[in-house]
Amino acid sequence: MRARKSGHMNRVILMGRLTRDPEVRYSQGERAMAIARYTLAVDRRGRRSQSADGNEQTADFIPCVAFDRAGEFAEKYFHQGMRVLISGRIQTGSYINRDGQKVYTTEVIIDDQEFADSKGAAADMSGYAGAGYQRPAPAPRPEPASAIGDGFMNIPDGVEDEGLPFN
C-alpha cells in the first residue's frame with residue numbers, strides 16, 4: 001500500500017487589533033485596485049519571551065495586505081484599535097534596498113476579514129495601539145534603511161516593476 005502525498009496548504013487565521021488605520025493606495029492601470037496594508041497586534045498566549053532590552057513581548061505584529069474589494073472594505077471600516085478576524089495565506093518575498101542589502105518580507109495576503117468586536121469595544125482599547133504595546137525587537141536579518149516605524153516598508157522607487165504583486 002503506497003502512502004498518499006498530501007497536498008500543500010498555506011492557510012492563516014488571525015485575530016488581533018489594528019495598530020493603526022490601514023494605509024491604502026491604488027494601483028495604476030486601466031482598472032485601479034485598492035491595496036490596503038495594516039498591521040495586527042496578535043496576543044501571545046502562554047510562553048513569555050524576552051526582547052533584547054529585557055521587556056516582555058506579549059504580542060506579535062503581523063503585516064497584512066488586502067487587495068481590491070477587501071482593500072476598499074478595510075479603508076472604509078477598519079480603524080486603529082479595532083479587533084478584527086482575518087484569514088488568508090502567508091506570502092514571503094525579498095528585494096534589494098537602496099543600500100544594496102537584500103530585505104526579506106513576510107505578510108498575510110487576506111482572503112476574508114471581519115469585525116471581531118462589539119461596536120463600543122474598540123474605543124476602550126487604545127492601550128493596544130498606544131503606549132501599552134512596544135514594537136517587537138528587530139529581526140536578526142538587516143532592517144531596511146527605509147523601514148517606517150509602523151512595520152510597513154517604503155518600497156524603493158523602481159522596485160515595483162521587479163515582481164511585486166502590485167502591477
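**A charged pair and its neighbours**

Mentor: D60 counts as partly exposed, because its relative accessibility is 27%, where buried means under 20% relative accessible area, exposed over 50%, and partly exposed in between, computed with a 1.4 Å probe on protein chains only. This is a predicted model, in which local features need pLDDT of at least 70 and side-chain atom pairs count only at pLDDT 80 or more, while totals for chains, interfaces and linings use all residues. Residues are numbered from 1 along each chain as its sequence is written, and side-chain values use heavy atoms, with hydrogens and water left out.

R44, at 27% relative accessibility, is likewise partly exposed. Side chains of opposite charge can pair when their charged atoms come close. Here the side chains of D60 and R44 form a salt bridge of 2.5 Å, N to O, a term that requires a side-chain nitrogen of Lys or Arg within 4 Å of a carboxyl oxygen of Asp or Glu. D60 belongs to strand β6 (residues 59-67) and R44 to the loop between β3 and β4 (49-50), so the pair ties together parts that lie 16 residues apart in sequence. Strands (E, at least two residues) and helices (H or I, at least four) are DSSP runs, numbered from the N terminus.

A search of the whole structure finds six salt bridges. Among them, D68 pairs with R31, with the closest N and O atoms 2.8 Å apart; D68 sits in helix α1 (residues 68-77) and R31 in the loop between β2 (23-26) and β3 (34-43), 37 residues apart. D68, at 22% relative accessibility, is partly exposed, whereas R31, at 52%, is exposed.
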